[in-house]
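Here is a short report on a single protein chain. It covers the fold, the core, a disulfide and an aromatic pair.

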Amino acid sequence: MQRESVVRCVDLEASCNTKKKNQAAGGQGTDPTYTCIPDGMPRAMNVIFPMEIVIQPNITHIMIEYLSMLRRIHTDGRDWPENAEPSFMGYSIGKWVDEDRRGRYDVLEIETRNLKGPRAFDASGIPLHADNRTIVKERIYLDKADPDILHDEVTTIDNALTRLWTVTKNSRRVRKPVWVEAICAEGNQHVRIGKENYMLSADGYLMPAKKDQAPPDLRYFKQTGK
């Protein structure tokens, strides 16, 4: 992977110190996906579980098994919609390019906008900016020497960065895949209440996730005096 920018952990020293303290106490730091929300873009293209690409005349689907993430890349020449609801995967518009000029498309160029958060770059929890004005640009193409290798050049433009951040992600084609169902919510014992993360114990009761963690606010439940 090639990184071409410096991440600006926004007020970052304090933010990173808070993350470290939270993790040291047993918390999840700044990675928001422990509650099973999707990774979102650009993190989704880390592809830690298999993905399938389906190319149609006016749209390309990228189906990522992990967290059932689905991308729709519109290649019909449309413009950006005015009132589309923001989403973790965003809205993607693509264009096929005959880069070799051999009469056959060999590169899919994509731009993704209209994202919502919270999202992190990866499992480290490095956050994207809370304003969600992220723009992700990609160039997807097969390796010229080995057509079973797919390259995805990903450039992220985000206000949490000092400049553009570019990385090339490589995937290998499996000719006879065995698909694995990955349901994050199944067996997930994390319970987020307010701004705090708790755990569900083996016997089905709420328990602290961090040392000396205060119990949740139960103002909407009938209080029983001792």
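This is a predicted model, in which local features need pLDDT of at least 70, side-chain atom pairs count only at pLDDT 80 or more, and totals for chains, interfaces and linings use all residues. Residues are numbered from 1 along each chain as its sequence is written, and side-chain values use heavy atoms, with hydrogens and water left out.

**Fold**

The chain has one helix and 11 strands. Both are DSSP runs, numbered from the N terminus: helices are H or I with at least four residues, strands are E with at least two. From the N terminus on, the order is α-β-β-β-β-β-β-β-β-β-β-β.

Eight strands make an open sheet in the order 1-2-3-4-5-6-7-8, with mixed pairing. Two strands pair if DSSP finds at least two bridges between them. Strand 1 and strand 8 are the edge strands, each pairing on one side only. From one strand to the next, the twist averages 20°. For such angles, axes are lines fitted to C-alpha atoms (for helices, over the stretch in contact), and values run from 0 to 180 degrees between N-to-C directions.

Strand 1 and strand 2 form a hairpin with three residues between them. They run antiparallel and are joined by five bridges. Ile53 has Ile62 of strand 2 as its bridge partner. Met51 stands opposite Ile64, also in strand 2.

**Core**

Of the chain's 226 residues, 35% count as buried. Buried means under 20% relative accessible area, exposed over 50%, and partly exposed in between (1.4 Å probe, protein chains only). A nonpolar core is a set of buried Ala, Val, Leu, Ile, Met, Phe, Trp, Tyr and Cys residues joined through side-chain atoms within 4.5 Å.

The largest such core has 25 residues, and Met51, Ile62, Ile64 and Met69 have the most contacts inside it. Strand 2 (59–64), strand 3 (69–74), strand 5 (107–113), strand 6 (135–142), strand 7 (149–157) and strand 8 each supply at least two of its residues.

What does Ile62 touch, leaving aside its neighbours within four places in sequence? Its contacts (heavy atoms within 4.5 Å) include Met45, Met51, Ile53, Met69, Leu70, Ile73 and Ile140. Glu52 and Arg71 are also among them. Across the chain, 47% of contacts between residues at least 6 apart in sequence join residues at least 24 apart.

**Disulfide**

A disulfide is counted when two cysteine sulfur atoms lie within 2.5 Å. By this rule there is one. Cys36 and Cys184 form it, with their sulfur atoms 2.1 Å apart. Cys36 sits in the loop between helix 1 (12–24) and strand 1 (51–55), and Cys184 in the loop between strand 8 (165–172) and strand 9 (190–193); the two are 148 residues apart. The torsion about their S-S bond is about -75°, so the disulfide is left-handed.

**Aromatic pair**

The structure holds four aromatic pairs. Rings of Phe, Tyr and Trp (its six-membered ring) pair if their centres lie within 6.5 Å; planes under 30 degrees apart count as stacked, over 60 as edge-to-face and the rest as tilted. Phe121 and Trp165 have ring centres 5.0 Å apart and planes at 50°, so this pair is tilted. Phe121 lies in the loop between strand 5 and strand 6, and Trp165 in strand 8, so the pair ties together parts 44 residues apart in sequence.

Accessibility of the residues in these two pairs:

| Residue | Relative accessibility | Class |
|---|---|---|
| Cys36 | 18% | buried |
| Cys184 | 24% | partly exposed |
| Phe121 | 6% | buried |
| Trp165 | 6% | buried |
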